[in-house]
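User: I would like to learn how to read strand pairing and helix packing. Can we start with a single bridge?

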Amino acid sequence: MITLGAAREMIAVARATGREMGLKPLSVCVLDAGGHLLAFEREDGASPGRFEIARAKAYGAVMLGMPGSAQMARAEAQAYFMAAVNGAFEGKVVPVPGGVLVLRDGAVVGAVGVTGDTSDNDAAVAVAGITAAGFEALA
């Protein structure tokens with residue numbers, strides 16, 4: 001289980017890491033294992049639509065049990081499958097890096113979605129936040 005305190009720590013560290021890396025303004029979303037929102041922050045200067053993107057990155061990860069990088073590979077190999085999945089989830093999946101699974105003892109307990117910079121940088125700051133909060137990350 002991810003507590004609200006742990007979710008806030010994930011966000012704070014992800015944002016701080018982004019600032020250290022000189023990234024564009026980030027938006028960070030933390031979902032629990034059921035895909036429900038625990039916490040979200042959008043940095044000054046980030047576009048307002050970033051909430052939906054961050055949530056969709058995390059939602060796809062937790063609902064499919066695979067990080068955004070694996071979803072992107074699947075979309076490239078089987079576009080029809082990811083299109084069908086996105087239809088089943090009412091368009092709530094963005095299959096690119098930046099949706100990172102949060103694990104505790106190997107079990108999925110949630111996901112973090114980050115958007116604002118390149119997808120690979122988004123994933124890197126998500127991993128930093130997850131590990132700082134004492135969880136394992138699968139990007």
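Predicted model: local features only at pLDDT ≥ 70, side-chain atom pairs only at ≥ 80, totals over all residues.

User: How do β1 and β4 pair, and over how many bridges?

Analyst: Strands of a sheet pair through backbone hydrogen bonds, either parallel or antiparallel. Here β1 (residues 27–32) and β4 (residues 107–115) are antiparallel, with 6 bridges.

User: What is the strand order of the open sheet?

Analyst: The order is β2-β1-β4-β3-β5, 5 strands with antiparallel pairing. β2 (37–42) and β5 (136–138) are the edges; each has a single partner strand, so one side of each lacks a neighbour in the sheet. Neighbouring strands are turned by 20 degrees against each other on average, direction ignored.

User: Which strands does α2 lie across?

Analyst: α2 lies across β1, β2, β3 (99–104) and β4. Its angle to β4 is about 155 degrees. F51 belongs to this helix, residues 50–64. Leaving out residues up to four places away in sequence, F51 touches L37 and F40. F51 is partly exposed, at 22% relative accessible area.

User: Now helix packing. At what angle do α1 and α5 pack?

Analyst: Two packed helices are described by the angle between their axes and the distance between the axes. α1 (residues 4–21) and α5 (residues 119–132) pack at about 135 degrees, axes 7 Å apart. That makes α1 oblique to α5. The crossing is right-handed.

User: Which residues of α1 and α5 meet?

Analyst: From α1, they include M10, V13 and A14; from α5, they include V125, A128 and I130. By class, the contact has 8 nonpolar, 4 polar and 1 charged residues.

Conventions:
Residues numbered from 1 in each chain as written. Heavy atoms only, no water. Helix = DSSP H or I, 4+ residues; strand = E, 2+ residues; numbered from the N terminus. Buried < 20%, exposed > 50% of the residue type's maximum accessible area, 1.4 Å probe, protein only. Contact = heavy atoms within 4.5 Å. Axes fitted to C-alpha atoms, helices over the stretch in contact; angles between N-to-C directions. Parallel < 35°, antiparallel > 145°, perpendicular 65-115°, else oblique. Left-handed = near helix turned anticlockwise from the far one by under 90°. Nonpolar A, V, L, I, M, F, W, Y, C, P; charged D, E, K, R; others polar. Pairing = 2+ DSSP bridges.
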